[in-house]
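Reader: I have a structure here that I have never looked at before. Can you walk me through it?

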Amino acid sequence: MRVTKGAWLVAGTALLALTVAACGSGAPAGGGEGGDTPVRMEIGEPKNQLVPGLTTEAEGAEVLGALFEPLVKYTKDRQAEPNVAESVASDDNKTWTIKLNQGWTWHDGEPLTAQNYVDAWNWAAYKPNAASAAHFFQMVEGFEDVNPSEEGAQPAAKTMKGLEAVDDLTIRVRLTRPNSQFRLMLGYTAFYPLPAKAFDSNGKITQKYMQQPIGMGLFKMDKPYRKGTDQVIDLSVYEGFKGDKPKNWKQLEFRIYSGQSAAETAYNDLQAENIDVHDSIPSSQLISAQTALGDRYHDDPTSLISYIGFPITANPAFAKPEVRKAISMAIDRKTIAEQVFSGARSPADDFISPAVDGYRPGACTEACSYDPAKAKELYAQAGGPPRIDLGYNADGGHKEWMEAVANNLRANLGIQVQLKPEEKFGVILTALEKHEYKGAFRIAWLYDYPSMENYLTPMFGKAAAKGGSNYSGWTNDQFDELINKGNEARTPAQAIKFYQQADDLLLKDMPYVPVFFHRINWGHSTRIRNVELNMLDQVVWAKVEKADAA
Amino acid sequence: MSSGTLARRRAGGRHKKRRGRPAGLWADAWHDLRRRPMFVASVILIGVLLLMAAWPSLFTSIDPFDARTCELRLARQTPTPGHPFGRDNQGCDLFARTVYGARNSIVIGMLTTLATAVIGGLLGLLAAFHSRWADAVLSRVTEIFFAIPAILGALLIASTFRDSEVDSILLVVFALTILGWPMAFRIMRAAVITAMSQDFVTAARALGAGPWRIMTRHLLPNALAPVIVISTINLGGFIAAEAALSFLGVGVRSPDISWGLMIAEARDRFQYAPLPLVFPALFLSVTVLAFIMLGDAVRDALDPKLR
Amino acid sequence: MGRYAIRRLLQAVPVLLGSTLLIFLIVFALPGDPIVSLGGDRRPSPSVVEVLTEQYHLDEPLLVQYWHYIGGVLFRADLGSTYQGVPVADLLASTFQVTLRLTLMALAIEAVVGVGLGVWAALRRGKAVDTMILAATLVLVSVPTLVTGFVLQLVLGVKLKQWTGLDVFPVSGVGDGLRGYILPAFVLAGLSIAYLARLARTSLAEVLRADYIRTAVAKGMPRGRVITRHALRNALIPVVTYLGADVGTLMGGAVITEGIFNLPGLGNLLFRGVYERQQPVVVGVVTLLVLVYIVCNLIVDMLYAVLDPRIRYE
């Protein structure tokens, strides 16, 4: 029987579609088939290319943390302990001498030298390189020469004069003013070195290096990672690594999850044992995770704090501290933490996180406790606005708790609250900078290095109000003075005293309202054990063991 | 077209012929429709839904816009007396929210469907009927809009205008219409092209019928049916698209309520708290179902080939 | 017909230019500075913003920016790069493969399942099968993609493996070759299956009532032959149109599906491009989709002529 053209066409389309689809499919992307299946970890897409100076966010930092090894490591009690550095010393907190351990090598076998650090830091600081980590070097002498703050100004030099490789293993750093926190900063991603091979003749980092960075850490990169395209980053143990290595495995694979529901998808993959580590289990899945993962579910404190911020200078309606305090007292932090976050967050009672030294439990007692009656009275007395907007970014899973906060404010203050979700936090930031943003907004802060100062200066310092992260516009000379005193203090304990006094000024004025201390919710598969996170919330790979040694 | 068999339709046809009434197309259709149980059922359903959309307070005494009716500590509570559907993730009464959600979902679905069908249908008719030139230009323009992925296009449009004080409901309708009309355009154009090559059109032309008469009396009735079928199915699609936009954060905005928004809000926790997702999804499905049944019935009645 | 095809392709040039300009305008009008958005919750330092803004001509007027872009495309075959320096051409090449595979698989599924169901229902009009198929299409239409995606991923991806130990459907990603595409393709095709089934059913049922069919039956032709030779041939014209038009829709509609199943395709790329205000990426992806759409449309229109001898192009 002759089949008609129409039927042929439909059948043909189907067949053709299938064949093309089948032909097109390449080999499985998973690395190391046969015997040694890799340990697989979920990450979000690194925001930038994998270069230390370009990386100031957690996902890229997780990968770089596997490829590089920091000068100092953070101990459980948040002290900096020499690691690649043999010692980090200073007499006056102004001139610092970093001595490197002998025998460290790059993944290509070249020795690690002091010059590698000097080159990397100079590259990051140099204005035309537009490195997001440039500000870490602000306190180094000569930063203004390579990165003039004035708009349109060209740098006068390519290198900072305060930075010097005295010999192969010694780096000398001169700061513009004493800073007792400098040693603590050295463990951060921005302070990793770069090999001579990374640079081309013009001092730019080559495209080849960006795709397949050569590091000096536990893992080396097996093949280039093309950002935006590749879904996996395959690493394997570098045999020449001087530190501890994992006992019974060699391959590590980062699987990149992107898009709207990345964390949920990854959680499904963890349940199906398709990945081994997931360090951002979404709060909506915690009820299920606690039972499904059992003792493979973990819940650690982290340095992240959520606040509700106010554009104090841009919107006079928020100018009175009483208005902000009333809003704070109208938020039922405890119930939200329990119902929305299943206990994965706790009510904040200070401007700084319990993860740093100097945190005082209950520092914010009155203004941070839930008291609807008093809130209403205070709000009415201070003449708070009858309608407020509440902004957040829609890409970060904030909707539910912002909704709950809005309901609190509506019910307890009797005002209208309009939620304003934006796709990216950047939209809010842009508007805030131009002083066009009038509503309250959510904001969160995560430290770069474990110090109180890393919360206070960037968010509330006077210098940060112009082109920094001080979005409220709240400034206080006394506050800045106390921070400086803390930075120049001889001992960490003395420094903390000054920082706490500065913190008290914040608690009095409440430029932001601290809402939650976050916890990091993570879990792992049955295939591995002994998983723990370091102080930067990165997995300590050397300790991880595979459960089935087969 | 979920109703009767061919035989019954023929019977209906005979019935009309016996009356010998020279009624117009629409009067005939109405006569035919009243006898279809599917039509009656869908009209009753839609009636209830429209009532719910217009006067939600007839159905529930709780005002979901009053934040004091929400109790976060009772979030995800299963049904209790006074709260027949239980509470949602914010501890608000789910029944009241579902009832109040009808308005925005239905308004968005209907307005968008109407706008796309009118704009797309008219342009499609024009393109197929008017001239080669109009056809070429209109077809190119549709290609631009058709090729831009609907959800992403809507996302772009909705986020571009979001800061203006335009009502979020109208913004959704606007965005979905801009990207939805090419579908109706194509269907209409294809149907008119097919109809134009048919004998009765040639015959009408030969008999000296003017273009307006051919368009309204011969082409439109013949080409309208597929547009109606696509539109009724699209209505559900638009309500679902509204859900997708709300999911992406640019659709209906809280404190407004829509089923799409409710589904998006309940989705993450549906593994252990299914009700906040199930009820709005159920209402949404029933609405879609009602409109499709209505569309089918109307289509069957309008189809002149049955006469 | 060859001349017709060439003319249509020439007409595509203004469509492409028009859509790039349109998208450029829209992305330009989006609120939020792309460079400031780069830092996530943190604001990049002013010097970073300054250098990158200059490097990507973001401080210049819209038309100058568009000229920089279109000039690069036309004269240097350079599609631009992301604000992190990744060439857009590379991104398009790899993501297109993923989306193409997903789309073709979805198309195959809807062609077989959708048309099959529609034809079956039309041939059994009014019977239980017909009603069930119609009910099934209603369910498919009325449950949003979001929900189907998550439910299928959870049930077939996670629970199936947990319950049976069988690793049939990967939860996400393309690491497992073609298998990873099956679930997302099904989710993606869901709505179209319903549309197609209804379209095929309507269309075939209509044709079956036509005079020439009655004539064929009357002259004693066997039913099977009537259906395959006369009815299907005409009934499938709108179906083929739909399938052709659907290629473009599926490719663009893959955003949510690709998101749920973490497939690195065009939809995902475009979505992130919009969020990150990456103009060259958004314009590149949309232009590619427009191009795909134009080609599919052309093929569909040519098929009209093949299928329906009454239509002729010159």
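Author: One definition to begin with: two strands pair if DSSP finds at least two bridges between them. Helices (H or I, at least four residues) and strands (E, at least two) are DSSP runs, numbered from the N terminus. This is a predicted model, where local features need pLDDT of at least 70, side-chain atom pairs count only at pLDDT 80 or more, and totals for chains, interfaces and linings use all residues. Residues are numbered from 1 along each chain as its sequence is written, and chains are lettered from A and ligands numbered from 1 in the order in which they are written.

Reader: OK, what is the strand order in the open sheet of chain A?

Author: The four strands are ordered 4-5-7-6, and their pairing is antiparallel.

Reader: Which strands are at the edges?

Author: Strand 4 (85-89) and strand 6 (163-167) of chain A, each of which pairs on one side only.

Reader: And how many bridges join strand 4 of chain A to strand 5?

Author: Four, with strand 5 of chain A covering residues 95-100. A:S87, for one, has A:K99 in strand 5 as its bridge partner.

Reader: What lies across strand 5, strand 6 and strand 7 of chain A?

Author: Helix 3 (residues 114-125) of chain A does, running at about 170° to strand 6. Such angles run from 0 to 180 degrees between N-to-C directions, with axes as lines fitted to C-alpha atoms, for helices over the stretch in contact (C-beta atoms, placed from the backbone, within 7 Å).

Reader: Switching to chain C. How many helices and strands?

Author: Chain C has 12 helices and zero strands. Its C-alpha trace spans about 85 × 60 × 30 Å along the principal axes.

Reader: How is chain C divided?

Author: Into domain 1 (2-76) and domain 2 (88-278 + 299-307), with bounds from an automatic or database domain assignment. Their C-alpha centres lie 33 Å apart. Six residues of domain 1 and four residues of domain 2 make the contact. On the domain 1 side, helix 1 (2-29) and helix 2 (34-37) of chain C each supply at least two residues.

Reader: How much of chain C is buried?

Author: Of its 314 residues, 55%. Buried means 20 or more other C-beta atoms within 10 Å of the residue's own; 12 or fewer is exposed, in between is partly exposed, and C-beta atoms are placed from the backbone.

Reader: Last one: why does helix 8 of chain B lie largely in the open?

Author: Because none of the eight residues of helix 8 (residues 199-206) of chain B is buried. Just after that helix, B:G208 takes a positive phi of about 90°.

Conventions: Two residues are in contact if their C-beta atoms, placed from the backbone, lie within 7 Å.
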